[in-house]
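Here is a short report on one protein chain. Please read it with the structure open.

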Amino acid sequence: MDFSLRIVERLPRYLQLACHLKETGHDHISSSILSKHFFIDQNNIKKDLSFLNLNGKPNKGYEINEFISAIKMVLGTTTVNRAIVVGAGNLGRAMSNYSNFANYGLKIVALFDDSPEIIGSTVDSFKILPLDNLSEVISKLGVKLAILTVPAKSAAGVAGRLYELGIRYFWNFAPVHLKLPDDAIVKSENLAASYMFLSYQINLNNYRNNGGKIEMVNGDIEKRIYEAFNKYAKSRDNLIPVLQDVQDIRGYISKDDIRKISEYLNIADSKVYGVATFYNQFKLTPPGHFQISVCRGTACHVKGSLNILNAVKEHLKINIGQTTRDKMFSLQEVACLGACSIAPVIMVNDKFYGHLDVAKTLAIIDRLKAEYLETKDKVTAAAAA
Ligand code: FES
């Protein structure tokens, strides 16, 4: 059961879609549905699934319960993994009490902190334990995984101590890179980087609403990109987070960014380019003033989103991933936008438009263009006055 990391990253997405389809009354799932939903080549999907030893039926696909069980088996969510949370701040407390983890076989058995003020107090069902009890709890309860919600300055020390006590799996929420021996597996979550993505979008929108230019937001982009590099060790394992950070900062990944990333991580340009083009999340051209995202999830597909997508392409004379010559519109297709009840849906920047057809969609685009040009004229006139 030695799957490539790329497949392991995809399987939870397949599983979530299968569970969603099951809940909505479907009894089969096919590689073609998965391909349409995630915009992954169907042959790649078939390759991923070939490792599961499932028997699909022509024109129907895989029986949904078997499909779900097989993926759960591979991901190990059918067995219970015991974990501890270290760091009883707000995040640690929330993690300890998140009951949905049980659905994936994750059982949190203890909550630790090193602050004498809170040790011994109770958080819902957990009594906060001192770090001195780590060894006893880990060995007695067979703990495999540590969830680190400690401040950055303590993370390395705590992780090292846990490693000494036999922990090899770390889910790290501290904003710091953990250096541990090679047999330790660390999955880090960078909440600040995720927030900065949203912060960038807010800023961008503010400037747009003020008739400003994108360049004003991006004044010190290069500096911010180099700062982002420095958060990561020079390891090819960090390629995807680095690409994500660069895109968060610039809004897309330029050719020059690919070169810089290749130099920093010591990976061939072609490899960086290959990864950036493989994942739909990465954009290689600058976004337009209006970024149109046409949902191609299952609910929208059933209600005609392909016709909408084709009509938008033709109307704007661009393809997916491209920007119009006047830099006003860019187009992308995305998986479920989470608004299936108003399918088919498009999103323009951060605004949803639902219950669409081709005519309504094109009217929205024309209206946005007219409003934008009108605002621009006013700004120009005011600047000249
Ligand atoms: S499938 Fe389009 S919003 Fe869900």
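## Two loop residues with positive phi

K317 sits in the loop between helix 15 (305–316) and strand 11. The model is predicted. Phi of K317 is near 60°, a positive value, and the residue is not a glycine. K317 counts as exposed because its relative accessibility is 70%, and the cut-off for exposed is over 50%.

N59 also has a positive phi, about 65°, although it is not a glycine. N59 belongs to the loop between helix 3 (42–50) and strand 2 (62–63). With 86% relative accessibility, N59 counts as exposed. As background, most residues other than glycine have a negative phi, and most peptide bonds are trans.

## A cis peptide bond

Where is P344 placed? P344 lies in the loop between strand 11 (329–334) and strand 12 (346–348). The peptide bond that joins A343 and P344 is cis. Its omega is about -5°.

## The chain as a whole

The protein chain has 385 residues, of which 42% count as buried. Its secondary structure comes to 16 helices and 13 strands. Take the contacts between residues at least 6 apart in sequence: 60% of them join residues at least 24 apart.

The chain exposes about 21,200 Å². Carbon and sulfur atoms supply 53% of that area.

## The largest nonpolar core

The largest nonpolar core holds 25 residues. Which of them touch the most other members? They are I84, V86, F112, L134, L148, L162 and F170. Two or more residues come from each of strand 3 (81–86), strand 4 (106–112), helix 6 (134–141), strand 7 (145–148) and helix 7 (152–164). Helix 7 gives the most, with 5 residues.

Leaving out residues up to four places away in sequence, L134 touches I84, V86, F112, R161, L162 and L165.

P130 is found in the loop between strand 6 (126–129) and helix 6. Is P130 buried, exposed or partly exposed? P130 is partly exposed, because its relative accessible area is 22% and buried means under 20%.

P130 touches F112, D113 and I119, not counting residues up to four places away in sequence. L111 is 19 residues from P130 in sequence. Their C-alpha atoms are 8.8 Å apart in space.

## Helix 12 and its cover

Helix 12 spans residues 255–265. Which of its residues are buried? They are D257, I258, K260, I261, S262, Y264 and L265. The cover over these buried residues includes helix 10 (221–229), helix 11 (239–250) and helix 13 (269–278). N266 follows helix 12 and has a positive phi, near 60°.

L265 lies in helix 12. L265 is buried, since its relative accessible area is 3% and the cut-off is under 20%. L265 and N238 are 27 residues apart along the chain. Their C-alpha atoms are separated by 8.0 Å.

## Rings and charge

The structure holds 8 aromatic pairs. Ring pairs link Y98, F101, W171 and F173 into a cluster. What sits over the ring of Y163? The charged end of R168 does, 3.6 Å from the ring centre.

## Cysteines

How many disulfides does a search of the whole structure find? The search finds 0. C295 counts as buried because its relative accessibility is 2%. C300 counts as buried because its relative accessibility is 3%.

Terms used. Residues numbered from 1 in each chain as written. Predicted model: local features only at pLDDT ≥ 70, side-chain atom pairs only at ≥ 80, totals over all residues. Heavy atoms only, no water. Core = buried A, V, L, I, M, F, W, Y, C linked by side-chain atoms within 4.5 Å. Buried < 20%, exposed > 50% of the residue type's maximum accessible area, 1.4 Å probe, protein only. Helix = DSSP H or I, 4+ residues; strand = E, 2+ residues; numbered from the N terminus. Contact = heavy atoms within 4.5 Å. Areas by Shrake-Rupley, 256 points an atom, 1.4 Å probe, with all protein chains shown as cover. Disulfide = S-S within 2.5 Å. Phe/Tyr/Trp six-rings, centres within 6.5 Å; stacked < 30°, edge-to-face > 60°. Lys NZ or Arg CZ within 6 Å of the ring centre and 35° of its normal.
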